[in-house]
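Good morning, colleagues. I would like to take you through one structure today, beginning with the fold of a chain and ending with the contact between chains.

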There are 2 protein chains.
Amino acid sequence: MERTIDSKLVDVKQDILSMGNHAEVALKIAIEGLLKQDVQGLKSVHENEISINDLQVKIDESCMMILAKEGPVAKDLRMILSIIKMNTDIERMGDQCVNIAYLTKDIIQRGHSFNAGDIEKMSTVVRQMVKLSLESFVNLNNSLAESVLKMDDEVDHFKNSIIAHQIQNIKKNAANAETFLDLVLIARNLERIGDHATNIAEDVIFATSGKDIRHGS
Amino acid sequence: MERTIDSKLVDVKQDILSMGNHAEVALKIAIEGLLKQDVQGLKSVHENEISINDLQVKIDESCMMILAKEGPVAKDLRMILSIIKMNTDIERMGDQCVNIAYLTKDIIQRGHSFNAGDIEKMSTVVRQMVKLSLESFVNLNNSLAESVLKMDDEVDHFKNSIIAHQIQNIKKNAANAETFLDLVLIARNLERIGDHATNIAEDVIFATSGKDIRHGS
């Protein structure tokens, strides 16, 4: 018997969720690697990224098959379009985690002493955004999606505090400027992961309500 | 008479092209604003970004209508999926140009003297990548798309040279560290625009050949 579009959508959603979990784990490991200065631990950031990339290709193929064979309309079509976009956002989260891992390796290899400032706090908020955006997707929960959008200010606050802190460090100890600069770049990577979670939350709101809330429209 | 899918695709492609042109112009203006230290000139970066955002929403709606009403398959379906992704990439190029404009305003307001190093050269290569990726899309030209992928190394080279140059500046003159740091961030924004052009080139290769070349697969 031909499977219905519903059961095919369940499978794709499961893959998106699994991809999102890999991104969450990669983020956790990358930041732990920085805070504990543990190069070995960073290896599994790359392993998680490979799983993310494989899932991205699989999900795109599944979406294309559903579009070609099921000809979805209305809510199902919006859901597929949202999944196609989410897929890209989660893949780029993986890229950002790999960037953090590379910067962390450089930092550890230089051996300069440093204080990561609010990076741990910022990463906790960003990880929460990733988690909630995925939960809002699985449960098609608009209010959860809206709570993700509200966390953006907090991320912004931590990013600014990290930049200010590292600029102070640069002025006090310019010889180690590379390390302080890398910490700023890590804060920017975290910010970007938060942006991707925001995109996912916006996609969830579009998939469930048909409302396109990007660009304040 | 009902219009065919071909003529609808022509319209969407035209919108993508127009959106891409706005991104190219925004990039040009943002970098000119930096090099000429011209805050007034930066205003039209924001105007171009508004046009980009409007087109993004319009293109997504058009793609959804085509999917719902035409039920495209094979090459047409791949084309629509590529356009949906490209649409996101061009919109994010616009965001990066706005970031460059904000950083430039900060730099000009501080009034520190600076040397932008290879930023002009880097931006020329990145603009060329944007231009060629769009041309490869319009003409469905795979070899043009491949030439975009090859320009990535050049962008990387300039980014590394800019970072090294600004770290030297920081070490020589840590009191002005904010400005040198902002120049590094602008180089990262340019790199990101190049990444988006690469994504578009990969989408073109997928749309025309069905080959998914992301992640070296």
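**Fold, core and contact**

Of the contacts in chain A with a separation of 6 or more, 79% join residues 24 or more positions apart. Please bear in mind that this is a predicted model.

Let me describe the chain itself. Chain A contains seven helices and zero strands, and its pattern along the sequence reads α-α-α-α-α-α-α. Along the principal axes, the C-alpha atoms of chain A occupy a box of roughly 65 × 35 × 20 Å. Of the 217 residues in chain A, 45% are buried.

After α3(B) comes B:Gly111, with a positive phi near 75°. Helix α7 of chain B, residues 177–209, has 33 residues and extends 48 Å from its first C-alpha to its last, close to the expected 48 Å. Is α7(B) mostly covered or mostly uncovered? It is mostly covered, with 27 of its 33 residues buried. The residue that follows α7(B) is B:Gly210, and here too phi is positive, near 80°.

Next, the core. In soluble globular proteins, nonpolar side chains tend to be buried together. The largest nonpolar core here has 122 residues, and A:Ala30 and B:Ala30 touch the most other members. Which residues does B:Ala30 contact, leaving aside its neighbours within four places in sequence? They are B:Leu42, B:Val45, B:Cys97, B:Ile100, B:Ala101 and B:Thr104.

Finally, the relation between the chains. Chain A superposes on chain B by a rotation of 180° with 0.0 Å of shift along the axis, at an RMSD of 0.0 Å. The two copies are thus related as by a two-fold rotation axis. Their contact draws 24 residues from chain A and 24 residues from chain B. On the side of chain A that touches chain B, α2 (43–70), α3 (74–110), α6 (152–172) and α7 (177–209) each supply at least two residues. That side of chain A comprises 15 nonpolar, five polar and four charged residues. Moreover, 100% of the interface residues of chain A are also interface residues in chain B, so the copies meet through the same surface.

Key: Residues are numbered from 1 along each chain as its sequence is written. Chains are lettered from A and ligands numbered from 1 in the order in which they are written. This is a predicted model: local features need pLDDT of at least 70, side-chain atom pairs count only at pLDDT 80 or more; totals for chains, interfaces and linings use all residues. Copies are superposed by least squares on the C-alpha atoms of residues with pLDDT of at least 70 in both. Two residues are in contact if their C-beta atoms, placed from the backbone, lie within 7 Å. Helices (H or I, at least four residues) and strands (E, at least two) are DSSP runs, numbered from the N terminus. Ala, Val, Leu, Ile, Met, Phe, Trp, Tyr, Cys and Pro count as nonpolar, Asp, Glu, Lys and Arg as charged, and the others, Gly among them, as polar. A nonpolar core is a set of buried Ala, Val, Leu, Ile, Met, Phe, Trp, Tyr and Cys residues joined through C-beta atoms within 7 Å. A residue is buried if 20 or more other C-beta atoms lie within 10 Å of its own, exposed if 12 or fewer, and partly exposed in between; C-beta atoms are placed from the backbone. The expected span of a helix is 1.5 Å times one less than its number of residues.
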